[in-house]
Amino acid sequence: IRTKLIELHTTASNSFSQNLNTDKGKMVLEHLINRGLTIDTIKKFKLGYSLKKSNYLLEQIRGMKISADVMRQSGLFIDTEKGYMDRFRDRIMFSIMDISGKIIAFAGRVLKSNEQAKYVNSPETIIYNKSRILYGLHASKNSIRKSNSVIIVEGYLDFLQLFQSGIENCVAISGTAFTEQHALQIKRQCNMAYLAYDGDDAGKAAAIKAGYILLKNGISIKIIEIP
């Protein structure tokens, strides 16, 4: 089932990437470029767009002869009174990868900030445990080991902009608060962590909380004060 789920997520990611060629997708691409991302970064980290249709991905997957059980366990679809439909619709899509670079989940961000939920995230599945996953670690682990330090940020775009700028020893928290499991993942890579959370009160409180968890696990920390 794990193999099938990863295959399913890879197919979904490719579909979201291709959707950047649609009319609405081109607007999303322009938005990402305006946020400072290059085409190379968008391709490398497999960003994309989910169409504003209830069954676009569902129809594609049905053609793959994937069992109903695997589809149900994938978290890519939601069960409604009218049957299954796509979980992600009309959103900027971020592919979430495990440490070896396999796609195991997604985060979908709204284009317009007036929507109720800014992000829709994949639910936990047998391949995705959000308390363990650090966004970008598959790409940054070598740099983290080399410098024996990591910069931890809160957002996907924060990570992408840092990495793209040549500051590659960084990771982002993926759709959850910082956990003991995250600290253990970091401990395997390095002994020093810099917390670069948002500069508002909520960001400061979250950084302090994460700092205690890191200290408890034997990792030295510094909090970067962001204006």
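## Inside the fold: the cavity

Sorted by class, the lining of the largest cavity has five nonpolar residues, two polar ones and one charged one. The structure here is a predicted model, so keep that in mind as you look around. The residues around that space are Phe-16, Asn-19, Ser-50, Leu-51, Tyr-56, Leu-57, Asp-86 and Phe-88.

How much space lies in the largest cavity? It comes to about 30 Å³. With a threshold of 30 Å³ or more, the count is one cavity.

## The largest pocket

Now for the open spaces. The largest pocket has a volume of about 270 Å³. It is lined by 15 residues, and the closest to the pocket centre are Glu-154, Ile-173, Thr-176, Ala-177 and Phe-178. By class, the lining of this pocket splits into nine nonpolar, four polar and two charged residues.

Which element gives the largest share of that lining? That would be H9, with four residues. Strand S6 (119–121) also shows up: both S6 and H9 supply at least two residues each to the lining of the largest pocket.

## The second largest pocket

The second largest pocket holds about 220 Å³ of space. Its lining is made up of Asn-14, Ser-17, Gln-18, Leu-20, Asn-21, Leu-29, Ile-39, Ile-42, Lys-43, Lys-46 and Leu-47. Two or more of these lining residues come from each of helix H1 (2–18) and helix H3 (39–44).

## How H8 meets H9

H9 also turns up in a helix pair. A pair of packed helices is described by two things, the angle between the axes and the distance between them. For helix H8 (residues 180–187) and helix H9 (residues 201–216), the axes come within 9 Å and cross at roughly 55°. Angles from 65 to 115 degrees would count as roughly perpendicular and those under 35 as roughly parallel, so H8 and H9 are oblique to each other. As for handedness, the crossing of H8 and H9 is right-handed.

Which residues make the contact? On the H8 side they are Glu-180, Ala-183 and Ile-186, and on the H9 side Ile-213, Leu-214 and Lys-216. By class, the residues of this H8 and H9 contact are four nonpolar and two charged, with no polar ones.

Note on methods:
Residues numbered from 1 in each chain as written. Predicted model: local features only at pLDDT ≥ 70, side-chain atom pairs only at ≥ 80, totals over all residues. Heavy atoms only, no water. Axes fitted to C-alpha atoms, helices over the stretch in contact; angles between N-to-C directions. Parallel < 35°, antiparallel > 145°, perpendicular 65-115°, else oblique. Left-handed = near helix turned anticlockwise from the far one by under 90°. Contact = heavy atoms within 4.5 Å. Nonpolar A, V, L, I, M, F, W, Y, C, P; charged D, E, K, R; others polar. 1 Å grid on protein atoms, 1.4 Å probe; cavity = no way out; pocket = protein on both sides within 12 Å on 5 of 7 lines; lining within 4 Å. Points joined across faces, edges and corners; volume = space filled by probe spheres on them.
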